Amino acid sequence: MSEKAAVSFEFFPPSDDAMARQLWDAVGRLAPLRPKFVSVTYGADGSTRSRTHDCVLRILRETELCVAPHLTCIGASRDEVLAIAEDYWRNGIRHLVALRGDLPDATAPGVVVPGAATSAGAATSGGDGADRGGFAYASDLVRGLARTADFEISVAAYPEGHPESGSVDADLENLRRKIDAGAGRAITQFFFDTDVFLRYRDRCSAAGIGINIVPGILPITRFPQLLRFAHRCGASVPEWLRQRFDGLDDDAETRRMIAAHVAIEQVQRLQRHGVEEFHFYTLNRAELTYAICHAMGLRPNVVEHARVA
């Protein structure tokens, strides 16, 4: 595989001791692969802000990783959001993922939906941030962050369109606004039909969008969970994928084998079409993501490894 392949990983802040152990095990396992960066999500309505902050600072303190916290417009005023960004800058954070965030009650409390507006997404309609004197749109947030400090800013992209936007064309215009405001990278919603991403990349190119469009890859741990994620954020689930996982609800070992094969096949096809950077929604689990990265040719650096205990 291409030696140019680069990866990044998404984590979410833990809500209890068991989830914390799972998170730090995943960070420790994946850090030696030397990702380009790791991102840390907010909750659906910004409710995990303090836990996100603590998680980000611990990763920064205890590993050699570049950390990219998520910041959203939801549930905070403009001054509150920019104060968080300034604090991150003082602590050495130079990369942010700027998102609109989900409106209150858009998802169940505490549920992390990979690639949704709380994850690598940013919806096209305004959020409740404007009602609190905050940022109404992700493009407004990007502009505010770019004026605050010289952050590297990643934003969202939706190859199949965001459920609130009405069309992929509307999403492309929204992406252009975020780029004009200062974004330098777009991370996509997860998808399983590789042609969907390739068509979207072509449309971005035709529209004059020149920033890197990074595919979001979701290794499948539990298929019913995937279906819930897909329903909430408008991602399609092909019939062939449903058939591969049919009858495996009680067979975790076979599920893992199928999931690894599906994701490896997807990544390798994207690489054949010139894709060189991938963002993995890990769900704080390392096994599948590590296996996929191994198949991509990535190997751990035994010297520069994470110091997470």
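Trainee: Is C204 buried or exposed?
Mentor: This is a predicted model, where local features need pLDDT of at least 70, side-chain atom pairs count only at pLDDT 80 or more, and totals for chains, interfaces and linings use all residues. Residues are numbered from 1 along each chain as its sequence is written, and side-chain values use heavy atoms, leaving out hydrogens and water. Buried means under 20% relative accessible area, exposed over 50% and partly exposed in between, with a 1.4 Å probe and protein chains only. C204 has a relative accessible area of 1%, so C204 is buried.

Trainee: And what is the relative accessibility of C73?
Mentor: C73 counts as buried too. That is because its relative accessibility is 0%.

Trainee: How many disulfides turn up?
Mentor: A disulfide is a pair of cysteine sulfur atoms within 2.5 Å. Searching the whole structure gives a count of 0.

Trainee: How are α3 and α4 oriented to each other?
Mentor: Helices here are DSSP runs (H or I, at least four residues), numbered from the N terminus. Axes are lines fitted to C-alpha atoms over the stretch in contact, with angles from 0 to 180 degrees between N-to-C directions. The axes of α3 (residues 78–90) and α4 (residues 138–148) come within 10 Å and cross at roughly 45 degrees. Angles under 35 degrees count as roughly parallel, over 145 as roughly antiparallel, 65 to 115 as roughly perpendicular and the rest as oblique, so α3 and α4 are oblique.

Trainee: Which residues of α4 make the contact?
Mentor: Contact means heavy atoms within 4.5 Å. From α3 come V81, L82, A85 and E86, and from α4 come L141, G144, L145 and T148.

Methods:
Helix = DSSP H or I, 4+ residues; strand = E, 2+ residues; numbered from the N terminus.
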